[in-house]
Amino acid sequence: MTNNQADYANLLQLAKQVDVKLLGRVAVLMGGIAAEREVSLKSGQAVYDALLAKQVNVDLIDVTTIQQLTALAGKYDGVFNAIHGRWGEDGGVQAILDSLNIPYTGSGQAASSLAMDKLRTKWLWKGVGISTPDFRYVSPQNPFSVDSFNMVFPVIVKPVREGSSLGMKKANNLQELSEAVKFAEKYDSEILIEQWITGREFTCAIVDDVALPLIELKTEHDFYDFDAKYKTNDTQYLSPVSLNEAVISQIKSLSLQGFDVLGASGWGRMDIMLDEKNTPWLIELNTVPGMTDHSLVPMAAKQVGLSFSELVVLLLALVSNKK
C-alpha cells in the first residue's frame with residue numbers, strides 16, 4: 001500500500017467511525033453578504049441535506065448579520081461554515097465564532113484572512129520560496145500606470161479579495177489591461193496583475209492534511225471563470241489525471257506546503273497551474289470551497305470512496321477533535 005493509499009484508508013476509516021450523536025447540535029451557516037451568496041446558499045443546502053440524511057441534529061441558517069451569529073451562543077456544539085467570499089471566508093465570521101467559543105469547520109481567523117487576500121498570500125509564498133506566478137499590484141497607494149507596466153503579456157487581472165473568479169479578466173495588451181483593471185476595481189480597491197501561465201489547470205483538495213486525488217479542469221473559456229464553475233455544463237473534470245506519478249507527487253507536496261505556510265487547517269482546495277515544462281505554480285487557496293453539485297472537493301473525495309455525506313460528517317468530526 002502506497003503512502004497515498006494509506007492516507008486515504010485512514011480518512012475512510014475515520015469517516016466511518018464518526019458517531020453523529022457526539023457531534024451534538026450543529027448549525028450550517030450559509031448565504032452571507034458577498035457576491036458569492038447564491039453559490040453559498042446552494043452549498044449550505046447540500047450540506048444540510050447530507051447531515052439530515054446522517055440523522056445529525058442540524059439547523060440551516062441564512063446568515064447576513066452579526067446579530068444572527070451572536071444568537072448562536074450557547075445553542076450549538078459546532079458550525080459547518082458554508083459562507084463563501086467576503087465575511088464568511090476572510091476571517092470575519094471566524095473571529096466572531098472564536099469569541100463565542102463555537103467550533104467551526106475550516107481554517108481559523110488568521111489563516112482565513114490571509115488566504116482570502118491573494119496579494120499577501122503570494123508575498124508570503126514567494127518569501128518562503130514556493131513557486132507562484134510573477135505579479136504586480138494596484139492599490140490606492142500604488143495606482144496603475146500604463147507607462148511603467150513591465151510584464152510580458154498575456155496577464156490575468158484579479159481583485160485581491162474576491163472568490164469564484166469574480167472580477168477576473170485576461171489581458172493580451174495594454175488596452176485590455178487598462179479595461180481589466182477598471183473592471184476589477186468594481187470589486188476591490190486592490191488589484192493583482194498576475195503572469196499568465198500557459199498550460200494545464202489542476203486543483204488539489206486537502207482534508208485533514210491529506211492531499212486527495214488531483215482533478216484537471218478543462219474549459220472552452222479563457223480560464224476556469226464563474227460561468228465555467230457554476231453555470232455551464234461543458235467544463236470537463238478529469239480524475240484520475242494524465243500525469244506521471246512524480247509530477248502528481250510534486251503538485252501534492254507543493255499544495256500541502258502552501259496550505260501549511262498559510263496556517264490553514266481542516267480542509268481547503270488549492271488551485272494550481274502546470275506549465276508547458278511540467279513546472280507547477282500555486283495560484284490560490286480556497287478555505288471554504290464550494291459544496292454544490294459542480295464542486296471539486298466532493299468530486300475528489302468520491303475518488304477515494306468518500307460519499308458526500310461522509311465527507312460532510314468527517315469535516316465536522318475534525319472540528320469536534322479540536323475542542
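The largest nonpolar core holds 38 residues, and L51, F80, V207 and L212 are those with the most contacts inside it. A nonpolar core here is a set of buried Ala, Val, Leu, Ile, Met, Phe, Trp, Tyr and Cys residues joined through side-chain atoms within 4.5 Å, where buried means under 20% relative accessible area with a 1.4 Å probe, counting protein chains only. At least two residues of this core come from each of α1 (3-17), β1 (25-31), α2 (37-53), β8 (199-207), β10 (215-218), α10 (296-303) and α11 (308-321). In soluble globular proteins, nonpolar side chains tend to be buried together.

A word on the model: it is predicted, so local features need pLDDT of at least 70 and side-chain atom pairs count only at pLDDT 80 or more, while totals for chains, interfaces and linings use all residues. Residues are numbered from 1 along each chain as its sequence is written, and side-chain values use heavy atoms, leaving out hydrogens and water.

Now step back to the whole chain. You will find 11 helices and 13 strands in it; these are DSSP runs numbered from the N terminus, with helices being H or I of at least four residues and strands E of at least two. The radius of gyration, taken over C-alpha atoms, is 19 Å, close to the 20 Å that the globule rule (2.2 Å times the number of residues to the power 0.38) gives for 323 residues, so the protein chain is as compact as a globular protein of that length. Its C-alpha trace spans about 60 × 50 × 40 Å along the principal axes. Of the 323 residues, 53% count as buried.

Terms used
Buried means under 20% relative accessible area, exposed over 50%, partly exposed in between (1.4 Å probe, protein chains only).
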